Amino acid sequence: MGRAPANVVQAAQRLQELLGQNAQVTVQLPPHAVGDRSSWFTSPTGAHTSVTFSSSSPPEVTGSPAASGPAQAPGGAIADLDGYDDLKPDPLTARTAADFVERMKDYRIWAGEPSYRELARRSGKAFGASSLCEALNSTRLPAEKLVRAFIWACSHSEHDIQVWVTAWRHLRLRHKRVQGEVLAPVTELASHDQRRKTG
């Protein structure tokens, strides 16, 4: 009888932690990886997890939450009650880069105020905890890539990412115009190209 790889057991343990106490986790592996077997182990929190290893293809990990325990949304914010939608910070109301950063701080609180390290982990290491801390304590507009990763780490909401990126673009383009970084009008470019051809 084969033995399951250690990383598979670790993945099952992590899944159990996310699902709650006494969750049933089934790990299915390709036939060559392991023979059919079941086992129990105790997680660091003391909860028991039943892990069933069986032969199947393709590999997958499934689990079911425990019957009782607190409602959790790991890596994602829980929606507000109807009538309280205005609690979610709106980046489109930001008029300056400093306003935008303040909305980001508020959004982190709205999402349950996860630590910088937790957000970095949820983002898949798209940013470091120190980089996020620096961005949220600055009055400058953060990089768009950091904003996208930050919003995803807070809420796992594609819609919210779209809203925040739209607000970021609005502020960035306005700042660009204020700084005089305007592109030459198309007519001027056409005239320039025409002069080069005839000159």
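The legends below describe close-up views of a predicted model.

**View 1. Arg140 in the loop between helices H4 and H5.** Arg140 sits in the loop that joins helix H4, residues 129–136, to helix H5, residues 144–155. With a relative accessible area of 61%, Arg140 is exposed, because exposed here means over 50%. Leaving aside residues up to four places away in sequence, Arg140 touches Ala97 and Val101. The C-alpha atom of Arg140 is also separated by 8.9 Å from that of Phe100, a residue 40 residues apart from Arg140 along the chain.

**View 2. The aromatic pair of Phe100 and Trp164.** Four aromatic pairs are found in a search of the whole structure. In one of them, the ring centres of Phe100 and Trp164 are 5.3 Å apart and the ring planes stand at 75 degrees, so the pair is edge-to-face. Because Phe100 belongs to helix H2, residues 97–110, and Trp164 to helix H6, residues 158–178, the pair ties together parts that are 64 residues apart in sequence. Phe100 and Trp164 are both buried.

**View 3. The aromatic pair of Tyr107 and Trp164.** The rings of Phe100 and Trp164 form an edge-to-face pair, and Trp164 also pairs with Tyr107, where the ring centres are 5.3 Å apart and the planes lie at 65 degrees, so this pair is edge-to-face. Tyr107 in helix H2 and Trp164 in helix H6 are 57 residues apart, and their pair links distant parts of the chain. Tyr107 counts as buried at 0% relative accessibility, and Trp164 counts as buried at 2%; the reason is that buried means under 20% relative accessible area. Phe100, Tyr107, Trp110, Phe150 and Trp164 form one aromatic cluster.

**View 4. Helix H6 and its buried side.** Helix H6 has 21 residues and reaches 30 Å from its first C-alpha to its last, which is close to the 30 Å expected at 1.5 Å a residue. The buried residues of H6 are Asp160, Ile161, Trp164, Val165, Ala167, Trp168 and Leu171. Because these residues cover an arc of only 160 degrees around the axis, they lie on the same side of H6. In an α-helix there are 3.6 residues a turn, so residues three or four places apart point the same way. The buried residues of H6 pack against H2 and H5.

**View 5. The face of helix H6 turned away from its buried side.** On this face, H6 carries the exposed residues Glu158, His159, Gln162 and Arg177. The buried residues of the helix, by contrast, include Trp164 and Trp168.

Notes
Residues are numbered from 1 along each chain as its sequence is written. This is a predicted model: local features need pLDDT of at least 70, side-chain atom pairs count only at pLDDT 80 or more; totals for chains, interfaces and linings use all residues. Side-chain values use heavy atoms; hydrogens and water are left out. Helices (H or I, at least four residues) and strands (E, at least two) are DSSP runs, numbered from the N terminus. Buried means under 20% relative accessible area, exposed over 50%, partly exposed in between (1.4 Å probe, protein chains only). Contact means heavy atoms within 4.5 Å. Rings of Phe, Tyr and Trp (its six-membered ring) pair if their centres lie within 6.5 Å; planes under 30 degrees apart count as stacked, over 60 as edge-to-face and the rest as tilted. The expected span of a helix is 1.5 Å times one less than its number of residues. The arc is that of the directions from the helix axis to the C-beta atoms.
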